[in-house]
Amino acid sequence: MELLASIAAVIGVIIVLTLILGSFFTVKTAQVAVITRFGKFLRVAEAGLSWKFPYIDSVAGLVSLRVNQITLTMETKTKDNVFVTIPISVQNRVRPEKVYDAYYKLSDPVAQIKSYVEQVILGHVPGMTLDEVFASQSSIAAAVKQELDADMATFGYEIVNVLVTDIVPDQKVKSAMNDINAAQRDRKSTRLNS
């Protein structure tokens with residue numbers, strides 16, 4: 001009889017310990033945890049030590065609040081039929097007050113951002129000449145940022161910055177431009193020496 005009582009006491013202690021230890025969890029700085037109760041969204045737990053009902057509540061996932069950078073490369077054709085490659089960096093983050101939207105409304109934010117960037121680039125660059133594209137680098141970046149800000153806000157994302165880091169024309173066009181510039185310099189030096 002004493003053996004049964006001591007086994008029951010040990011089992012009771014184990015159950016109490018798992019209930020207590022299963023109730024607490026930590027969330028790292030610059031992250032939040034999405035807490036669900038029986039699979040339904042309950043709340044967002046912020047950084048630090050948090051508590052949940054064991055076996056009833058669970059941590060569905062963690063969401064980073066840090067700024068992420070997505071590097072994309074878009075290829076398109078200009079108005080004067082020159083193919084250009086445009087490397088673009090998009091810096092984004094989840095809005096702390098919109099964690100629910102960021103976690104549940106969008107499964108692949110990188111693919112969504114890439115689609116929006118392609119849409120904006122294909123709406124602007126084909127109507128410009130190569131020279132206009134070079135001159136409009138900052139306005140292209142501003143147009144992409146404006147469009148992304150509006151579209152991604154509904155999914156809980158903030159676009160911090162968009163950088164068009166370079167405009168790279170096709171290698172043949174690049175060589176031809178270098179040849180033209182070299183010929184112009186030769187003509188200038190010939191005129192000056194005459």
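Tutor: What follows is a set of questions about labels, each answered from a predicted model.

Student: Why is K52 called buried?

Tutor: The label buried requires a relative accessibility under 20%, and K52 counts as buried because its value is 13%. K52 is placed in the loop between strand 4 (48–51) and strand 5 (57–64).

Student: What does K52 touch, leaving out residues up to four places away in sequence?

Tutor: With those set aside, K52 touches G22, S23, F25, R43, D57, S58 and V59. Of these, S23 is 29 residues from K52 along the chain, yet the C-alpha atoms of the two are separated by 5.0 Å.

Student: What makes D57 count as buried?

Tutor: Against the limit of under 20%, D57 has a relative accessibility of 5%, and therefore counts as buried. D57 lies in strand 5, and apart from neighbours within four places in sequence it is in contact with I35, T36, R37, L42 and K52.

Student: What makes the pair formed by the side chains of D57 and R37 a polar contact?

Tutor: A polar contact needs N or O atoms within 3.5 Å, one able to donate a hydrogen and the other to accept it, and the side chains of D57 and R37 are joined by such a contact at 2.7 Å.

Student: How do you know that strand 2 and strand 5 are paired?

Tutor: Pairing asks for at least two bridges between the strands, and seven bridges join strand 2 (residues 31–37) to strand 5, the two running antiparallel. Q31, for example, stands opposite S64 in strand 5.

Student: Why are strand 3 and strand 5 said to stand at the edges?

Tutor: The open sheet has three strands in the order 3-2-5, paired antiparallel. Strand 3 (40–45) and strand 5 each have a single partner strand, so one side of each has no neighbour in the sheet. From one strand to the next, the twist averages 30°.

Student: How do you know that the length of helix 3 agrees with its number of residues?

Tutor: At 1.5 Å a residue, the 16 residues of helix 3 (residues 109–124) should span 22 Å, and because its end C-alpha atoms are 23 Å apart, the two values agree.

Student: Why are the buried residues of helix 3 said to line one face?

Tutor: I113, Y116, V117, V120 and I121 are buried in helix 3. Seen down the axis, the buried residues fall within an arc of 135°, and so line one face of the helix. They pack against strand 6 (68–77), strand 7 (83–94) and helix 5 (137–153), whereas L122 and G123, on the other side of helix 3, are exposed.

Conventions: Residues numbered from 1 in each chain as written. Predicted model: local features only at pLDDT ≥ 70, side-chain atom pairs only at ≥ 80, totals over all residues. Heavy atoms only, no water. Helix = DSSP H or I, 4+ residues; strand = E, 2+ residues; numbered from the N terminus. Buried < 20%, exposed > 50% of the residue type's maximum accessible area, 1.4 Å probe, protein only. Contact = heavy atoms within 4.5 Å. Axes fitted to C-alpha atoms, helices over the stretch in contact; angles between N-to-C directions. Expected span 1.5 Å × (residues − 1). Arc of directions from axis to C-beta.
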